[in-house]
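I opened a new page for this structure.

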Amino acid sequence: MLPTRPHHKAKPLKATSPRPAKALCSECGLCDTRYVHYVKDACAFLNQQFETLETQVHGRPRQVDQWNDCYFGVHQQMFTARNRQPISGAQWTGIVSTLGMEMLRRGLVEGVVCVQQSETDRFQPQPILARTPEEVLAARVNKPTLSPNLSVLDLVEQSGLKRLLVIGVGCQIQALRAVEAHLGLEKLYVLGTPCVDNVTRAGLQKFLETTSRSPQTVVHYEFMQDYQVHFKHEDGSVERVPFFGLNTQELKDVFAPSCMTCFDYVNGLADLVVGYMGSPFGWQWLVVRNDRGQEMLKLIQDQLEFQPVTSSGNRRPAVQQSIPLYDQGLTLPMWVAKILGAVIGRTGPKGLEYARFSIDSHFARNYLYVWRHYPQKLAAHVPAFAQRIVGQYTLPKN
Ligand code: FAD
Ligand code: SF4
């Protein structure tokens, strides 16, 4: 029996209509489709349901008494890897694009949901349903802005595709998993990336103008494991700005409210996650969550070099010290920030411990944000695994 479809009268919301999640909307795209019918249940910001969805997708929820589960979600294996032949212009070595292209070439899927850039603005996302490897390749590199990837779900339905790969960040994948049974697909593969501190296009402009020496020539940036933001410019030069030197007062309101209330940094509902933060500089970090993720990785493993994941250092003092910096919007003089960044970069947490550092800092900041701005949502919205992580730290009392 085919799963139920959205009600025949369900219609996408108009672009100008308010979204049900109001200020917390991450523009995931679900409300731009007929699947808006399920929004109350499906929206990551209206209904936190990790336990239910993890059980549906991976066969079990994460075990909150196991630290590895708390931090990295349900998983079978983790690796450090990189493409033997990196894809030019990709965010890292292009493992995500390689896999998307390979799945199409081998006929495992008939289409890939991914996001290209608009013709006039490299940072303006343009979600597409790619049908060829060339279209997937053209979607390489992050568009570091909120992207309505799920807006192409109606197109998927109209195209009659039965086997689909979706590439996306946590909030998009939470909504996707909630409507998965209604999509009429035979097989859905989900390739996730971690995601944090995303912004609207206007917010991105402010971030670039506040932080980079040449905002108009930035083609790519990343918050790196050496505690610096690396901006790559059109001429190939790399500008490094220490995290601790960011103008936090100016940047306080730059991140989207959705990202300030998100606890799905590691994309817990994807089959396979490809990021960087659990691996040494230049390498990518792979988290295989389930058998479908294993099936995906197997397809491209001959094209990759592997290393085991490692972990060293102690993140706790650095996280505890960073809480007031974030919280009170303190900005250190640049020379102090550079020294601090260099010292922590040399002696601080590395590998998985760096990933924990980043998760802890963001979860503590986000917990305080929800507590102050949405106290009525705190109990239901903050999942148990995040509460345990935040519970390791002393937070401000007001
Ligand atoms: P590529 O081969 O270059 O492919 C990139 C893929 O990302 C494309 O398929 C494209 O469809 C998709 N994509 C681009 N922009 C978006 C978007 N806005 N929304 C959804 N999908 C998009 N990893 C970490 O380990 N730690 C982080 O803190 C972290 N923050 C991130 C923040 C954002 C906003 C994004 C989009 C990604 C983030 N990542 C983070 C993931 C990381 O930056 C790389 O995207 C990932 O490692 C894949 O690299 P790649 O070279 O294999 O990707
Ligand atoms: Fe709709 Fe997605 Fe916004 Fe939630 S986050 S209101 S599902 S577009």
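Entry 1: I began with Arg 82, which is partly exposed because its relative accessible area is 28%. My terms: buried is under 20% relative accessible area, exposed is over 50%, and partly exposed is in between, with a 1.4 Å probe and protein chains only. The model is predicted, so local features need pLDDT of at least 70 and side-chain atom pairs pLDDT 80 or more, while totals for chains, interfaces and linings use all residues. Residues are numbered from 1 along each chain as written, chains are lettered from A and ligands numbered from 1 in written order, and side-chain values use heavy atoms, without hydrogens and water.

Which residue forms a salt bridge with Arg 82? I found Glu 305, with the closest N and O atoms 3.3 Å apart. I count a salt bridge when a side-chain nitrogen of Lys or Arg is within 4 Å of a carboxyl oxygen of Asp or Glu. This pair links distant parts of the chain: Arg 82 sits in strand E1 (residues 77-83) and Glu 305 in strand E11 (residues 304-307), 223 residues apart. Helices (H or I, at least four residues) and strands (E, at least two) are DSSP runs, numbered from the N terminus. Glu 305 is partly exposed, at 26% relative accessibility.

Next I checked Lys 187 and Glu 295. Their salt bridge has its closest N and O atoms 3.6 Å apart. Lys 187 is in strand E5 (residues 187-192) and Glu 295 in helix H11 (residues 291-300), so parts 108 residues apart in sequence are tied together. Lys 187 is partly exposed at 25%, and Glu 295 is partly exposed at 31%.

Are Arg 315 and Glu 353 buried or exposed? Both are buried. They form a salt bridge too, with the closest N and O atoms 2.9 Å apart. Shared partners join Arg 315, Glu 353, Arg 356 and Asp 360 into one network of salt bridges. My search of the whole structure gave 18 salt bridges.

Entry 2: Strands E6 (residues 218-223) and E7 (residues 228-233) pair antiparallel over five bridges. I call two strands paired if DSSP finds at least two bridges between them. Phe 223 has Val 229 of E7 as its bridge partner. Four residues separate E6 and E7 in this hairpin, and Tyr 227 in the turn has a positive phi of about 65°.

E7 also pairs with E8 (residues 238-242), antiparallel over five bridges. Here Lys 232 has Val 238 of E8 as its bridge partner. This hairpin also has four residues between its strands, and Gly 236 in the turn has a positive phi of about 90°.

**Entry 3: ligands.** How many residues surround ligand 1? I found 33, and the closest are Trp 92, Ser 97, Val 141, Asn 142 and Lys 143. A residue counts here if one of its heavy atoms lies within 4 Å. Helix H4 (95-105) gives the most to this shell, with three residues.

A nitrogen atom of ligand 1 lies 2.7 Å from a polar backbone atom of Lys 143. An oxygen atom of ligand 1 lies 2.8 Å from a backbone N or O atom of Gln 91. The protein covers 98% of the 920 Å² of accessible area that ligand 1 has on its own.

Last, I looked at ligand 2. Its shell includes Cys 25, Cys 28, Cys 31 and Cys 43.

Terms used
A polar contact is a pair of N or O atoms within 3.5 Å; within protein, one must be able to donate a hydrogen and the other to accept it, and residues adjacent in sequence count only if both atoms are side-chain atoms. Accessible areas come from the Shrake-Rupley method with a 1.4 Å probe; for residues, only the protein chains shown count as cover.
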